[in-house]
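Here are my notes for someone opening this one for the first time. Have the sequence and the model side by side as you read.

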Amino acid sequence: MESVDIRTTVQGAPVAVQRGGQEWDVVAEPVRWFERVPWWEQSRRMPRGHGRVDIEIWQVQVAPGRGQHSGAVTWELVRKGDGAWYLRGEEALAA
């Protein structure tokens, strides 16, 4: 997964993604869900101090530049427990 910087609303919804020196604007209402972390695939025991076993996922449609909807793609953004954001499952779907 690629690390990205995210600008969010006060409520935590992504509004822009900074990737590779370029800003991509969220051009449609993002969709949020949570997934279970498969910690058991990497360790026999849950890591000490990790009470959370879910990660936050946002599916967003983004386009380069301000207000441009052409060239929009769908990305899944993952926010890990430490607050870091990552890009996962990039799909080149037209918006």
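1. Over which ring does the charged end of lysine 80 sit? The ring is that of tyrosine 86, and the charged end of lysine 80 is 5.1 Å from its centre. The cut-off here is NZ of Lys or CZ of Arg within 6 Å of the ring centre and within 35 degrees of the ring normal.

2. Some ground rules before going on. This is a predicted model, with local features needing pLDDT of at least 70 and side-chain atom pairs counting only at pLDDT 80 or more, while totals for chains, interfaces and linings use all residues. Residues are numbered from 1 along each chain as its sequence is written, and side-chain values use heavy atoms, leaving out hydrogens and water.

3. On confidence: pLDDT is the predictor's confidence in each residue, from 0 to 100. The chain has a mean of 81, with 72% of its residues at 70 or more. Strand β2 (residues 14–19) has the highest confidence, at 95, and β7 the lowest, at a mean of 77. Look with care at residues 91–95, where the pLDDT is below 50; beyond near neighbours in sequence, this stretch has 10 contacts in the model.

4. Now the overall layout. The chain has 7 strands and 0 helices, so the pattern along the sequence reads β-β-β-β-β-β-β. Both kinds of element are DSSP runs numbered from the N terminus: helices are H or I with at least four residues, strands are E with at least two. Of the 95 residues, 32% are buried; buried means under 20% relative accessible area, exposed over 50%, and partly exposed in between, using a 1.4 Å probe and protein chains only. Contact means heavy atoms within 4.5 Å, and among contacts between residues at least 6 apart in sequence, 42% join residues at least 24 apart.

5. How many aromatic pairs does a search of the whole structure find? There is 1 aromatic pair. The ring centres of tryptophan 24 and tryptophan 75 are 4.9 Å apart with the planes at 55°, so the pair is tilted. For reference, rings of Phe, Tyr and Trp (its six-membered ring) pair if their centres lie within 6.5 Å; planes under 30 degrees apart are stacked, over 60 edge-to-face, and the rest tilted. Because tryptophan 24 belongs to strand β3 (residues 22–26) and tryptophan 75 to strand β6 (residues 73–79), the pair ties together parts 51 residues apart in sequence. Tryptophan 24 is buried at 14% relative accessibility, and tryptophan 75 is buried at 1%.

6. Tryptophan 75 turns up again in the largest nonpolar core, which has 14 residues. A nonpolar core is a set of buried Ala, Val, Leu, Ile, Met, Phe, Trp, Tyr and Cys residues joined through side-chain atoms within 4.5 Å. Those with the most contacts inside this core are Val4, Val17, Val60, Val62, Trp75 and Leu77. At least two core residues come from each of β1 (2–8), β3, β5, β6 and β7 (85–91). In soluble globular proteins, nonpolar side chains tend to be buried together.

7. Is glutamate 56 buried or exposed? Glutamate 56 is buried, with a relative accessible area of 9%, and is part of strand β5 (residues 54–64). Its side chain makes polar contacts with the side chains of arginine 32 at 3.0 Å and tryptophan 58 at 2.7 Å. A polar contact is a pair of N or O atoms within 3.5 Å; within protein, one must be able to donate a hydrogen and the other to accept it, and residues adjacent in sequence count only if both atoms are side-chain atoms. Setting aside neighbours within four places in sequence, glutamate 56 also has Phe34 and Leu77 among its contacts.

8. Aspartate 54 is also in strand β5, but is partly exposed, at 30% relative accessible area. Beyond four places in sequence, aspartate 54 is in contact with Phe34, Glu35, Arg36 and Val37.

9. Finally, methionine 1 is in the segment before β1 and is exposed at 57% relative accessibility. Not counting residues up to four places away, methionine 1 touches Val78, Lys80, Tyr86, Leu87 and Arg88, which brings back lysine 80 and tyrosine 86 from the opening point.
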